Amino acid sequence: MQFCFYLLAGANNNNHKPAQDGQGNAALFGSPMGIALWSDQYIVVCDNDYNNHNYSIRVVNSYGVVTTIAGGNNPTNSSKDGIGKAAQFNGVNFIAVFLSSRFGFSFRRLFYIFVHLPAII
């Protein structure tokens, strides 16, 4: 059995630039910690951009388009419920049905209202 690996999303981020959405190698991750499959079209990624205090949940579609769906800039390292970027995480480590906050010692459920994300081809 042979496997073929190819870049779906992300680029070398040794310069610690802020995480950014985009397609393919235009997308940047801080420090992806956990992933989960969300159907055959989406991968959900927990991304901890420690250098920029940016803790987020991001979705990668089958075209390699990365979109942040929750969390983001959080200089106070607090934890707060909210919709989209209004949600705050104190680090995100793994994802399944529930999210675990790294130092907040809490579990939070992710409810995502599906909005069609345009595929950039």
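**Notes on the sheet and its cores**

1. Let's start at one side of the sheet: β1 and β5 are antiparallel partners, joined over 2 bridges. Within that pairing, Gln23 sits opposite Val65 of β5. Keep in mind as you read that this is a predicted model.

2. As background, strands in a sheet pair through backbone hydrogen bonds, and they can do so in a parallel or antiparallel way.

3. If you want a spot to look at, find Arg58, which stands opposite Thr68 in β5. The two strands make a hairpin with 3 residues between them, and Gly64 in the turn has a positive phi of about 85 degrees.

4. The next pairing is β3 with β4: 8 bridges join these strands, again in the antiparallel sense. Here Val44 faces Val59 across the pair, standing opposite this β4 residue. This hairpin has 4 residues between its strands, and His53 takes a positive phi near 50 degrees.

5. How covered are β4 and β5? For β4, 8 of its 8 residues are buried, and for β5 the count is 8 of 9. In a regular strand, side chains alternate between the two faces of the sheet. Both faces of β4 are covered: Asn54, Ser56, Arg58 and Val60 are buried on one side, and Tyr55, Ile57, Val59 and Asn61 are buried on the other.

6. What about the nonpolar packing? The largest nonpolar core has 13 residues, and the ones touching the most other members are Val44, Cys46, Ile57, Val59, Phe89, Val92 and Ile95. At least two residues of this core come from each of β3 (42–49), β4 (54–61), β5 (65–73) and β6 (92–95). There is also a second, separate core of 5 residues, with Ala27, Phe29, Val45 and Val66 among them.

7. How many disulfides does a search of the whole structure find? The search finds 0. For a reader new to the term, a disulfide is a covalent bond between the sulfur atoms of two cysteines. Two cysteines are worth a look for their surroundings. Cys4 counts as exposed because its relative accessible area is 68%, which is over the 50% cut-off. Cys46 has 0% relative accessibility, so this residue counts as buried, the cut-off being under 20%. Cys46 is also one of the residues that touch the most other members of the largest nonpolar core.

Notes:
Residues are numbered from 1 along each chain as its sequence is written. This is a predicted model: local features need pLDDT of at least 70, side-chain atom pairs count only at pLDDT 80 or more; totals for chains, interfaces and linings use all residues. Side-chain values use heavy atoms; hydrogens and water are left out. A nonpolar core is a set of buried Ala, Val, Leu, Ile, Met, Phe, Trp, Tyr and Cys residues joined through side-chain atoms within 4.5 Å. Buried means under 20% relative accessible area, exposed over 50%, partly exposed in between (1.4 Å probe, protein chains only). Two strands pair if DSSP finds at least two bridges between them. A disulfide is a pair of cysteine sulfur atoms within 2.5 Å.
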